[in-house]
Amino acid sequence: INLSTYLESMTWTPIGSYGARNSYKDEFTGTFNGLGHTISNLTLNGNFKYTDGSGGQAAGLFGNIAGGANIAGVRLLNASVTNTANYVDDWDNYAAQTAALVGTARAKYDSNNNDAFVAAPTIHNNIVTGSTIQATYTGENVGAIVGQAESTTISGNSVTNTTVSSANGYGVGGIAGYIYSGDDFQSTVSD
């Protein structure tokens with residue numbers, strides 16, 4: 001799929017979002033298997049905000065995935081992702097998590113059961129090549145495959161001929177910008 005044909009002068013809207021700040025109802029929790037097909041010329045360029053206008057929103061083909069989400073077999077060619085969104089906290093200004101494939105991946109917890117662990121996302125066998133991914137504000141957690149991953153299994157992914165950057169170099173990586181583990185599941189990265 002050549003997205004330049006479909007998007008023309010528009011920018012891609014990431015699949016799955018937080019909606020309003022700290023509202024996780026719109027995250028992608030399903031399965032997407034690209035079956036090795038190529039998506040070329042994905043373009044995201046903007047100030048991605050929460051739907052209530054506050055804070056910075058994650059950007060990528062998928063903005064936010066959670067729980068048992070499974071993203072596999074996607075080939076991204078010549079993606080151009082620029083996230084200028086930012087949020088302000090007590091310490092500094094930061095751009096939101098940014099990647100070509102998944103902005104943010106996080107485990108799912110049951111808020112009705114003392115936040116018991118339910119499921120972790122999986123991102124595997126994806127390829128990003130010939131792409132540019134950047135956060136132009138202060139920058140937070142920028143990667144080619146995933147910007148930020150919590151309690152996520154990441155395996156068999158490949159990144160080639162791709163530039164990943166943020167304004168200050170914080171949380172920047174080829175596969176993932178930032179990975180951390182929850183109490184009930186350890187994040188893993190493997191070939």
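**Close-up views of a predicted single-chain model**

**View 1. The whole chain in outline.** The chain holds one helix and 24 strands, and the model shown here is a predicted one. Among the contacts in the chain that have a separation of 6 or more, 79% are between residues 24 or more positions apart.

**View 2. An open sheet of four parallel strands.** In this view four strands form an open sheet, and they follow one another in the order β4-β11-β18-β23 with parallel pairing. The edges are taken by β4 and by β23 (residues 176-180), each of which has a single partner strand, so one side of each is left without a neighbour in the sheet. On average, and with direction ignored, neighbouring strands of this sheet are turned by 5 degrees against each other. As a general point, the strands of a sheet pair through backbone hydrogen bonds, in either a parallel or an antiparallel manner.

**View 3. Strand β11 and its two partners.** Strand β11, which spans residues 102-106, is mostly covered, with five of its five residues buried. Strand β4 (residues 62-66) runs parallel to β11 and is joined to β11 by four bridges; among the residues paired here, Phe-62 has Val-102 of β11 as its bridge partner, and Ala-66 has Arg-106 of β11. Strand β18 (residues 146-150) also pairs with β11 in the parallel sense, in this case over three bridges, and Val-102 stands opposite Val-146 of β18.

**View 4. The largest nonpolar core.** The largest nonpolar core of the model has 33 residues, and those with the most contacts inside this core are Leu-61, Ile-65, Leu-76, Leu-101 and Val-102. Two or more residues are given to this core by each of the elements α1 (3-7), β4, β11, β16 (132-135) and β18. In soluble globular proteins, nonpolar side chains tend to be buried together.

**View 5. The surroundings of Leu-61.** Which residues is Leu-61 in contact with, once its neighbours within four places in sequence are left aside? They include Trp-12, Pro-14 and Ile-15, together with Ile-39 and Leu-42. Further along the sequence, the contacts of Leu-61 take in Val-74 and Leu-76 as well as Ala-99, Ala-100 and Leu-101. Leu-76 and Leu-101 are, like Leu-61, among the residues with the most contacts inside the largest nonpolar core.

Key
Residues are numbered from 1 along each chain as its sequence is written. This is a predicted model: local features need pLDDT of at least 70, side-chain atom pairs count only at pLDDT 80 or more; totals for chains, interfaces and linings use all residues. Side-chain values use heavy atoms; hydrogens and water are left out. Buried means under 20% relative accessible area, exposed over 50%, partly exposed in between (1.4 Å probe, protein chains only). Two strands pair if DSSP finds at least two bridges between them. A nonpolar core is a set of buried Ala, Val, Leu, Ile, Met, Phe, Trp, Tyr and Cys residues joined through side-chain atoms within 4.5 Å. Contact means heavy atoms within 4.5 Å. Axes are lines fitted to C-alpha atoms, for helices over the stretch in contact, and angles run from 0 to 180 degrees between N-to-C directions.
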